[in-house]
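Work through the following exercises with the sequence and the model at hand. Each task is followed by a stepwise solution.

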Amino acid sequence: TDKMEFCTRLGADVAINYKEAEWASVVKEATGKAGADVILDIMGAKYLADNVKTLAYDGRLVVIGMQGGVKGDLDLGRLMSRRGSITAAGLRPRSVADKGRILSEVVGHVWPLIAEKKVRPIVHTTFPLDQVARAHQTLEQQLSSLLADRPGDVGIAALDLATGEMVGVKADEPFPMASTVK
């Protein structure tokens with residue numbers, strides 16, 4: 001698919017269409033049956049069993065979302081046999097002070113990677129703040145599969161009142177100074 005080609009152009013070693021392939025088997029095959037060292041999971045319960053099955057020895061599963069549900073079956077025997085670990089992380093229940101600490105760590109560790117262009121956001125479209133309704137319409141269309149094959153976030157740019165310039169995602173800007181809506 002276009003998204004898979006896009007990911008491989010960005011540097012992915014393997015791209016998997018989860019709708020057409022049993023992704024856990026593809027991961028095992030691609031890693032020579034070793035499995036994944038780290039899995040960053042936004043789905044939660046829906047993929048819990050396959051995630052655990054796919055872990056390498058001493059692998060880590062980091063759950064950061066629950067789009068696929070909150071309750072799943074966990075094969076503790078398989079997890080223990082792989083010496084795997086599961087960590088769950090979310091921002092909502094954290095205190096403002098804790099969120100501030102996390103933000104400081106992001107500024108110290110992630111922003112330099114963005115400035116060095118080792119990591120870059122993928123932005124499909126950016127809208128001025130006065131077109132936020134249009135940005136939401138684009139997002140809704142993307143979610144309804146009309147634009148599903150177009151990778152990237154939808155960004156909202158704001159006007160800097162001090163300079164009169166749009167603050168947003170620009171090709172030559174190392175860090176997008178705009179909120180992104182996904």
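**Exercise 1. Describe the open sheet: how many strands form it, in which order, and which stand at its edges?**

Step 1. The open sheet is built from 3 strands in the order 1-2-3, with parallel pairing. Strands are DSSP runs of E with at least two residues, helices are runs of H or I with at least four, and both are numbered from the N terminus. Two strands count as paired if DSSP finds at least two bridges between them.

Step 2. Strand 1 (36-41) and strand 3 (85-88) are the edges; each has a single partner strand, so one side of each lacks a neighbour in the sheet.

Step 3. On average, neighbouring strands of this sheet are turned by 15° against each other, direction ignored. The axes are lines fitted to C-alpha atoms, and angles run from 0 to 180 degrees between N-to-C directions.

Step 4. Strand 1 pairs with strand 2 (residues 55-63) in the parallel sense over 5 bridges. In this pairing, L40 stands opposite V62 of strand 2.

The model is predicted: local features need pLDDT of at least 70, side-chain atom pairs count only at pLDDT 80 or more, and totals for chains, interfaces and linings use all residues. Residues are numbered from 1 along each chain as its sequence is written, and side-chain values use heavy atoms, with hydrogens and water left out.

**Exercise 2. Find the largest nonpolar core and state which elements supply at least two residues of it.**

Step 1. A nonpolar core is a set of buried Ala, Val, Leu, Ile, Met, Phe, Trp, Tyr and Cys residues joined through side-chain atoms within 4.5 Å. Buried means under 20% relative accessible area, exposed over 50%, and partly exposed in between (1.4 Å probe, protein chains only).

Step 2. The largest such core has 13 residues, and W23, I39, V52, L55 and L61 have the most contacts inside it.

Step 3. At least two residues each come from helix 2 (23-30), strand 1, helix 3 (48-54) and strand 2.

Step 4. Leaving aside residues up to four places away in sequence, L55 touches residues including A34, I39, L61 and L79. Contact here means heavy atoms within 4.5 Å.

**Exercise 3. Where do K33 and K117 lie, and is each buried or exposed?**

Step 1. K33 is not a glycine, yet has a positive phi of about 70°. K117, also not a glycine, has a positive phi of about 60°.

Step 2. K33 lies in the loop between helix 2 and strand 1, and is exposed at a relative accessible area of 69%.

Step 3. K117 sits in the loop between helix 6 (111-115) and strand 4 (123-128); its relative accessibility of 54% counts as exposed.
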